[in-house]
Each structure stands twice: as C-alpha cells, then as structure tokens.
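Thanks, everyone. Please have the sequence and the model open on your screens while I talk.

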Amino acid sequence: AYQPTPDDRFTFGLWTVANPGRDPFGDAVRTGYSPVEAVKMLAEIGAYGVSLHDNDLVPIDATPGERDRIVNEFKRALEETGMKLPMATVNLFTHPVFKDGAFTSNDPRVRAYAIQKTTDAIDLGVELGASIFVLWGGREGTEVDASKDAVEAMKRYRESINYLCEYARDRKYDIKFALEAKPNEPRGDIYTPTTGAMLGFISTLDHPDMVGVNPEVAHERMAGLNFYHAVAQALECGKLFHIDLNDQKPGRFDQDLRFGSEDVKNSFFLVKLLEDYNYQGPLHFDAHAYRTEDLEGVREFAKGCMRTYLILKEKVKRFNSDPEIQGLLQELKHHDAGVPGFDFTYTPAKHQALKAAQFDRDGIGKKGLAYEKLDQLTMEIILGVR
Ligand code: GLT
Ligand code: MN
Ligand code: MN
Ligand code: MN
C-alpha cells in the first residue's frame with residue numbers, strides 16, 4: 001500500500017533532487033542527481049514526471065550545439081523511462097545580471113534579456129512536452145525602496161507577462177503560465193508576495209485566461225497564511241494551474257521540507273481539497289532533502305513525499321466516509337432553515353421577503369456548533385486511531 005504509480009501524477013523539479021545541500025553558511029555536502037540520473041531514479045520509485053528550469057538542464061553558457069546534444073540525451077531518458085515533463089520554468093535569479101530583478105529591473109537591457117531568456121526557455125519546455133510554464137519572480141523585489149518605484153515595477157511586470165502571452169499565442173503553443181508568489185528571500189521583499197496578490201495582478205493582464213497561479217506551501221506559510229485557504233481561493237476561480245508541495249515551519253527561511261513532515265493537519269486539508277475537488281494537474285514536489293543526506297537519503301526523501309501524500313489521501317477517504325463526522329457535517333448544513341421567499345440573489349421582490357423576515361438572533365447565537373468534537377474526530381483520523 002501507498003506505493004505510487006504514474007497514475008498518481010507525482011512530479012519533482014530536477015532542481016530538488018539535484019540539490020547538493022549548499023546553504024549560505026556551508027558548502028555542498030553531496031553531488032545531487034544529474035538530470036538523466038534524476039529521471040531514472042524518480043521513474044524507479046513511481047513518479048509520473050519531472051519539471052525543470054532551463055539551466056537545470058542546459059548551462060547558461062552552452063553553445064547551440066551543446067544545447068542540442070544535452071536536450072537530446074535528456075529526451076532519450078524521458079522516452080526510455082516513460083517519464084513526462086508537464087512543467088518548465090526559467091531561472092531568472094542565479095546569474096548576477098539579475099541581482100536587482102529581471103522583469104522589474106530598472107535597466108531595460110536586463111528586462112529585455114529576461115524576456116529573451118524566458119522565450120528560449122518556453123521553446124525548450126514545449127520541445128520537451130510541457131503545457132505549463134511557471135514564473136517565480138525570486139529577484140523581483142527590493143531591499144532599498146528608494147531605488148525602484150513599486151508602481152512602475154508592477155507596470156514592467158505586467159508588460160513582460162503580456163509579452164510572453166503574445167509570444168506563446170503567436171507560436172501557437174499549447175501552454176499556460178502559472179505565477180508563483182513568495183513574500184521574501186532572496187530579496188528583502190518580493191513584489192506580489194502572496195497567491196492572493198498574484199490573483200489580483202492576473203486580472204489586470206491582456207490575456208488573463210492564459211495565466212494562473214503555482215502556490216507553494218512554504219511560501220504562503222512564510223507569510224503566516226493558511227495555505228489550504230490560499231489554494232481553495234485559486235481553485236474556486238479556476239486559477240490553480242499547478243502546485244508546489246512541500247512543508248515549512250512558519251516564520252522561518254524558505255525550508256522546502258519533505259511534504260507533510262511539518263504541519264500534518266494543514267497537509268491533510270490540502271490533500272482533501274485537491275482530492276475532493278478533483279484537481280487534475282501534476283502533484284509537484286518542490287522540496288529538498290535535509291543537508292544531512294547523501295544520495296540514498298535524497299531517494300528516501302522523494303519516496304517520503306509521495307508516500308505521505310498517499311497516506312493522507314487514504315485518511316481523507318476515511319474522513320469522508322466516517323458516519324459520526326458526516327453526521328456532524330450534515331447538521332451544519334441546516335437543511336430546512338431557509339428564509340421563505342429569499343435565496344441570496346437580489347431581486348426587489350426577494351429583498352422585500354428578506355426585509356420582512358424575523359431572525360431568532362439570540363437562539364442562533366446561543367446554540368453550540370460542536371466543533372470541538374468535529375476537530376477531535378478529525379485529529380483521531382489523522383493520528384490513525386479511527
Ligand atoms: C526556486 C524557488 C522555488 C521555485 C522554483 C521555480 S526555483 O527553488 O525557491 O520555490 O518554485 O523557479
Ligand atoms: Mn516553488
Ligand atoms: Mn520554497
Ligand atoms: Mn524553493
């Protein structure tokens with residue numbers, strides 16, 4: 001049981017299992033999996049596919065010939081293993097040219113180069129079969145607010161995303177964009193810091209239908225937010241194009257912990273949301289093995305992410321079929337307690353009915369809702385005694 005298969009749609013960023021464990025205070029502790037090794041290892045343990053940044057595969061200074069050789073070798077690994085590549089993205093954060101932003105840089109040369117690099121990365125993604133293109137604006141922000149007009153930055157950001165949408169349309173690519181928010185790190189503050197802020201920004205674009213979000217557990221929790229709520233809002237408005245699963249202690253640096261290893265309850269409600277609402281995109285892990293691990297440990301980490309998801313999925317089934325829990329939830333639905341002549345859509349006549357309605361304010365206010373019991377039962381499901 002809990003053995004993943006490609007039908008589960010689990011994917012991993014190449015950068016996750018390639019991570020050598022370097023941090024701002026310490027050197028690499030391992031040689032991570034190379035792209036081809038990663039594809040083979042992940043196929044062995046039951047993943048569906050991988051995702052990548054342009055430079056996870058092709059070095060930034062590769063010649064066109066080297067690029068083609070590397071890409072062809074990688075394609076062969078995908079074909080041999082049957083692994084898919086549903087998502088690609090672009091690295092706009094490592095090279096010093098991006099030290100003060102990419103699409104929002106003050107320097108038009110940097111903004112133009114960012115668009116050139118991104119359109120090339122889109123070509124690469126499409127060549128490898130991707131239908132989702134993630135944009136994480138890691139350097140789009142500031143430490144010194146005097147340096148950049150934040151209003152102007154939004155205009156530049158919009159101009160760039162509009163450009164990329166026009167490019168994809170012109171090329172007739174079957175690709176959609178997913179914007180990933182993060183409140184800070186590596187910048188002191190990053191623009192559009194939450195998934196909610198991204199949703200607001202998307203509605204101002206020229207082709208909002210082509211653009212959705214890629215929420216990440218760790219990023220929302222760094223901002224102290226409820227990830228389950230953030231994802232629910234995105235899903236409800238049809239914008240959950242992709243998701244980055246991992247875990248995180250609140251208020252820390254971006255920890256990218258193994259999925260479900262920290263906040264089991266929030267992970268449970270996240271899995272419940274994705275399963276109950278039949279999210280069909282990739283279940284993508286953007287997480288890293290601890291710095292204490294060697295390659296065997298990285299493999300265990302990847303297995304753990306998928307296994308915990310499947311365990312929680314099974315807990316969700318239990319929750320959904322538990323008679324006592326379902327009984328409590330039925331009561332919360334107040335089946336016959338409507339207001340005569342009123343149904344929450346405005347017409348003058350219905351509003352007259354609402355105006356005439358009498359509400360038992362005190363009676364409603366006095367009645368307990370049994371949430372203590374509901375939550376305890378939920379915990380007992382999660383803790384495995386129910
Ligand atoms: C980087 C970042 C992630 C993003 C990746 C996509 S790269 O590791 O911390 O959260 O999803 O650019
Ligand atoms: Mn991410
Ligand atoms: Mn992260
Ligand atoms: Mn990260």
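I will go through the metal site, then the aromatic pairs, then the salt bridges.

Some conventions come before that. This is a predicted model, in which local features need pLDDT of at least 70 and side-chain atom pairs count only at pLDDT 80 or more, while totals for chains, interfaces and linings use all residues. Residues are numbered from 1 along each chain as its sequence is written, chains are lettered from A and ligands numbered from 1 in the order in which they are written, and side-chain values use heavy atoms, with hydrogens and water left out.

Let me start with the metal. Which protein atoms are the donors of the manganese ion (ligand 3)? They are Glu 216 (OE), His 219 (NE2), Asp 254 (OD), Asp 254 (OD) again, and Asp 256 (OD), at 1.9 to 2.5 Å from the ion. A donor here is an N, O or S atom within 2.8 Å of the metal (3.2 Å for Na, K and Ca); water is not among the atoms, so sites may look incomplete. Along the sequence, the donor residues follow the spacing E-x2-H-x34-D-x1-D. Glu 216 coordinates the manganese ion (ligand 2) as well as the manganese ion (ligand 3), and the two ions are 4.7 Å apart. Glu 216 sits in the loop between strand E8 (211–213) and helix H8 (217–222), and Asp 256 in the loop between E9 and H10, so that pair links distant parts of the chain, 40 residues apart. Helices (H or I, at least four residues) and strands (E, at least two) are DSSP runs, numbered from the N terminus. Glu 216 and Asp 256 are both buried, where buried means under 20% relative accessible area, exposed over 50%, and partly exposed in between (1.4 Å probe, protein chains only).

Next, the rings. The model has 15 aromatic pairs, counting rings of Phe, Tyr and Trp (its six-membered ring) whose centres lie within 6.5 Å, with planes under 30 degrees apart called stacked, over 60 edge-to-face and the rest tilted. One of them joins Phe 10 and Phe 285, a tilted pair at 5.5 Å centre to centre and 35° between the planes. Because Phe 10 belongs to strand E1 (residues 10–13) and Phe 285 to strand E10 (residues 283–285), the pair ties together parts 275 residues apart in sequence. Phe 10 and Phe 285 are both buried.

Phe 259 and Tyr 309 also make a tilted pair, because their centres are 5.9 Å apart and their planes lie at 35°. Phe 259 is in the loop between strand E9 (244–245) and helix H10 (264–276), and Tyr 309 is in helix H11 (residues 295–321), so this contact ties together parts 50 residues apart in sequence. Phe 259 and Tyr 309 are buried too. Ring pairs link Phe 10, Phe 12, Phe 259, Phe 285 and Tyr 309 into a cluster.

Last, the charges. There are 22 salt bridges, each a side-chain nitrogen of Lys or Arg within 4 Å of a carboxyl oxygen of Asp or Glu. Lys 272 and Asp 276 form one at 2.5 Å, N to O. Both lie in helix H10, 4 residues apart, about one turn of the helix. Lys 272 is buried at 15% relative accessible area, whereas Asp 276 is partly exposed at 36%.

Arg 67 and Asp 68 form another, with their closest N and O atoms 3.1 Å apart. Arg 67 is partly exposed at 22% relative accessibility, and Asp 68 is partly exposed at 38%. A network of salt bridges links Arg 67, Asp 68, Lys 75 and Glu 127.
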